[in-house]
Amino acid sequence: MATHLEITESLKVFQDNYNSNERLKIMNRDWNRVVVIKATDIESLNTFIVQDGLVSIKEGALENPDLTVISDSETLADMFYGDITPTEPYNNGTLRIIGQEDDIIRLDFISLMIWGE
Amino acid sequence: MNSLQLKKVLTLRTVVATSAGLTLATSTFVAAVQVAGYVLGDTAWIAILTGGILCFLAAACFSELNGLLPTANGIRLYFSRAFNDQVSLTVSILYMTIVIVGVVGAESYVLTRVLGEVFPAVPPYMWVVLLLLLVTLMNIRGLKIAGVFQDVITYGLLASLMVISLLALHKVSFQLNAPFAPGGASGLINAVALGVFLFVGFEWVTPLAEEVTKVKQISKGMMIALGLLSVTYAVFTVAMTVAVPKDVLVASAAPHMVFARAILGGPGAAWMVAISLAASVTTFNAGMLSVSRFMYASAREHVLPAVFSRVSMRFFTPWVSIVALFFVSLTVAGVILLTHRYLVLLKLAAAMESIVYVLAGLAVINLRRRMPDSPRPYKIKGGLVIPVLTVVVFAPLALAVLYTDLWALIDLAAAFLVCLIYVNTAVPYLKKKYEARKPAGRRRPSRTTGESGMEEN
């Protein structure tokens, strides 16, 4: 079981990698989204905000997110560190993403651009 | 949880429209006439309503599965949890292949016949190329037929079919002749089995589980869609068979055009062309959207070659999968236009759909055992009666379809064999290739416990 701190750290690593990728920033400049990250096995809520192409992270959940990513703490930490692709836990049901299909694909694609296959 | 309420959610009206819209296709009119051909007089409504009622059984199973595992992955996840990954993968690939071959093949054939009547100078294949190009471009650009637009198309189609049917019934001063005498049992069974084709795709609405606030809306939407479709198809088929002799309809690849022309002449034919185009474009689009997303997800889990996971940098859509589907669809449509074997595809799709319903019933039974304590927002009442009934009803229906068409049986068996071989040889190879490429070390730092300094994992 990962801790809330580990999940937050993994999100920061993801944020740093994203914000240093110029291509991603240009591609997402019109994709303004609020994504809540929720762990199922520990108390952990974070919000991942994409605004004008830049990503920022906030602890806790903002209201009315566009997407909600729900999984166990280990999966969330591994996924944002890029040790596993989101597709594996998504396909086996460990990871749930609530939101529009196009947004889910874009989120997966951002992960692909940052971490590769 | 209020704080996690989504910004954008789908309404029940749109869920119903999506479920019914995925099902409404031009080729369903041909299937409806084939259903009528199996029974006596104007009793096709019995077979169609029976098919619709039976589909409620499958809808109940999908509702429970969708509530238990709300995912855009649908059967891929349900069957993986209920049986194993190999079964799930084999069935999913087979299902997607048959859907794309069946839907594109049959739909394009019927549509070319419809358009060929109005524009005889244009070569039929040209229509297929144009329509597929349109749908491919829509998919690459990420333009979706969704929301209000989907509502307008679906409800407009249903209303049009009802209006034209009532006009026809009024025109011939319709009275039911021996409405409860469909003839022999074998004819009725075959009619019901093919009648299932009329509802193919109603359950494709389950991927929307992630876009609604209450998963139960999906179940309710599927049930309402099935009800609306059953009544519309039953009335439309009866209207067709009373307005035009059955043998004339059965002999035509575009029976709804014959019917519309007989009732309203040229304007009727124009109206039906508009209905056919709307139905076909939404069907092609839904097919391409679902199958390309399936290909993308499969490539991301290293089940298909990685090239299929390439996404357009501009539109964020899986363009390689979409373009590949465009060429596959062109080939399938070309072969069907040359061979005229579109009816085999209808039967193939009906049989495959029945098999998937059987597996859905079995999945409900297995998951009640494997995941007994998991929350089920929708649980079928009456214990295992409905899942068992789903299996018991749809297994013979699948067999009935395959028994009456040897080519459908051969095609299905061959496709199943190819999928099985692919899953057992190519998939392990692709996964091994990915493992070899994967970075050796983990990026996530190893955790150490504060005092002892021992690694925890």
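**Notebook: strands, cores and the A–B contact**

I began in chain A, where A:Ile70 stands opposite A:Arg96 in strand E5; strands (E, at least two residues) and helices (H or I, at least four) are DSSP runs, numbered from the N terminus. This is a predicted model, in which local features need pLDDT of at least 70 and side-chain atom pairs count only at pLDDT 80 or more, while totals for chains, interfaces and linings use all residues. Residues are numbered from 1 along each chain as its sequence is written, and chains are lettered from A and ligands numbered from 1 in the order in which they are written.

**Strands of chain A**

I then followed E4(A) to its partners, bearing in mind that two strands pair if DSSP finds at least two bridges between them. Strand E5 (residues 96-98) of chain A runs antiparallel to E4(A) and is joined to it by 3 bridges, whereas strand E1 (residues 33-39) of chain A runs parallel to E4(A), with 5 bridges. I noted that A:Ala39 has A:Ser71 as its bridge partner in E4(A).

**Chain A as a whole**

I counted 5 helices and 5 strands in chain A, and along the sequence they follow the pattern α-α-β-β-β-β-α-α-β-α. The radius of gyration, taken over C-alpha atoms, is 13 Å, close to the 13 Å that the globule rule gives for 117 residues, so chain A is as compact as a globular protein of that length; the rule is 2.2 Å times the number of residues to the power 0.38. Of the 117 residues, 47% count as buried.

**Cores**

Next I looked up the nonpolar cores, each a set of buried Ala, Val, Leu, Ile, Met, Phe, Trp, Tyr and Cys residues joined through C-beta atoms within 7 Å. The largest has 161 residues, and those with the most contacts inside it are B:Val35, B:Ala349, B:Ala351 and B:Ala360; two residues are in contact if their C-beta atoms, placed from the backbone, lie within 7 Å. H11(B) gives the largest share of this core, 21 residues. Apart from it lies another core, of 31 residues, among them A:Ala2, A:Ile37, A:Phe48 and A:Leu67.

Which residues does B:Ala349 touch, leaving aside its neighbours within four places in sequence? I listed B:Ile98, B:Gly102, B:Val103, B:Phe197 and B:Val200.

**Where the chains meet**

I found 30 residues of chain B in contact with 32 residues of chain A. On the side of chain B that touches chain A, helices H4 (75-82), H11 (255-300) and H15 (406-437) each supply at least two residues, and H4(B) gives the largest share, 4 residues.

I also checked B:Gly265, which is found in helix H11 of chain B and is exposed, with 10 other C-beta atoms within 10 Å. B:Gly265 and B:Ser219 are 46 residues apart in sequence and 40 Å apart in space, C-alpha to C-alpha.

**Confidence**

Finally I noted that the model scores ipTM 0.85 and pTM 0.85. Chain B averages a pLDDT (the predictor's confidence in each residue, from 0 to 100) of 86, and 93% of its residues score at least 70. Over residues 450-457 of chain B the pLDDT is below 50, and this stretch has 10 contacts in the model beyond near neighbours in sequence.

How values were computed:
Buried ≥ 20, exposed ≤ 12 C-beta atoms within 10 Å, placed from the backbone.
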